[in-house]
Amino acid sequence: MVRMIDLRSDTVTKPCQNMRQAMAQAEVGDDVYDGDPTVVRLQNMAADMLGKEAALFVPSGTQANLLALLCHCERGDEYIVGQQSHTYKYEGGGAAVLGSIQPQPIEFEKDGRLDLNKAARFVKPYDPHFAKSKLLCLENTLSGKILPVDYLYEARAFCDNHGLSLHLDGARVFNAAVALNIDVKKITRPFDTVSVCLSKGLGCPVGSLLLGNRELLKRAVHWRKMLGGGMRQAGIVAAAGIYALQNNVKRLEIDHDNARTLAKGLSGIDELKVDMDEVQTNMVFIDIPENGAADMAGFMAEQGIRMFSGKKIRLVTHLDINETDLGKVVLAFKRYYETKGHRCSA
């Protein structure tokens, strides 16, 4: 079977043999009844690493974010969020459908920030005509871009001034911390709640974490059960999370280096436009000419490369991508345009 180079996302990572071994040997219990010892260990480890009182292990990042929204907001409340944010656009509208929580989306700035002056105009005064503004949601990283640390503390002050809570969709927060070469606590400290994905760049097969204070996470346990996220002998998958936090955080540097190498290689192809300034972590975005995207994904699949199609394509590096793969990808793009040129001139 031909090995595919999968650049669609870092969610496609597969557990390594050592991670599988840790899962096979995990001590387990019933996490819904009286606790699973490996889940408890993962939660305590994560809370310590990210500087929060407590953590809760959940099946997915979507559920972690939804639990945060349900804990911060009640029916008829509102959260302020970016137009392209996962919590608004890519998680099925769960806050509105399941929590009756109204989103107030605003456009992101080019660097991934929400303009706090603009956001202030959308904070509703207490009035029976309006939904109550209760929460500001940020995302770090956003499309691979890192939010400036100073901005995070400005957002905290903004929320304190307006009586809002502050949630971070930190699915790739470790990418941000590693890229900045800082303790992840410096990023998470201003936030009331933080979600972290274990099944992206950290390489776990499943699982995310919600972190915050103990009182809020007690409510999150109740919502998790209601949403069907209460798992039984979950230590088998929690063991993967422990392995990832111990072994796969620092190595994210390799993914970032690989993204820059890939971007540099692709930038040498005349038909492609690559903004090197956008390559801050493990994502490369390339602009494709109007007539150049229709059959590209199919051609790449024939070359053993999986990617999404479109006029702007995201390529994501991860622990299953190596330097040899990068060379093959650049060569495949060159072949695509050479082949396309031959077809056009025929």
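Mentor: Strands of a sheet pair through backbone hydrogen bonds, either parallel or antiparallel. In this predicted model, β2 and strand β8 (residues 208-212) run antiparallel and are joined by 5 bridges; two strands pair if DSSP finds at least two bridges between them. Helices (H or I, at least four residues) and strands (E, at least two) are DSSP runs, numbered from the N terminus.

Trainee: Which residue of β8 is the bridge partner of Phe-57?

Mentor: The partner is Leu-209. Residues are numbered from 1 along each chain as its sequence is written. Local features need pLDDT of at least 70 and side-chain atom pairs count only at pLDDT 80 or more, while totals for chains, interfaces and linings use all residues; side-chain values use heavy atoms, without hydrogens and water.

Trainee: What is the strand order of the open sheet?

Mentor: The 7 strands follow the order β2-β8-β7-β6-β5-β3-β4, with mixed pairing. β2 (54-58) and β4 (102-106) each have a single partner strand, so one side of each lacks a neighbour in the sheet.

Trainee: How are α3 and α10 oriented to each other?

Mentor: Two packed helices are described by the angle between their axes and the distance between the axes. The axes of helix α3 (residues 61-72) and helix α10 (residues 214-226) come within 9 Å and cross at roughly 120°. Axes are lines fitted to C-alpha atoms, for helices over the stretch in contact, with angles from 0 to 180 degrees between N-to-C directions. α3 and α10 are therefore oblique (under 35 degrees is roughly parallel, over 145 roughly antiparallel, 65 to 115 roughly perpendicular, the rest oblique).
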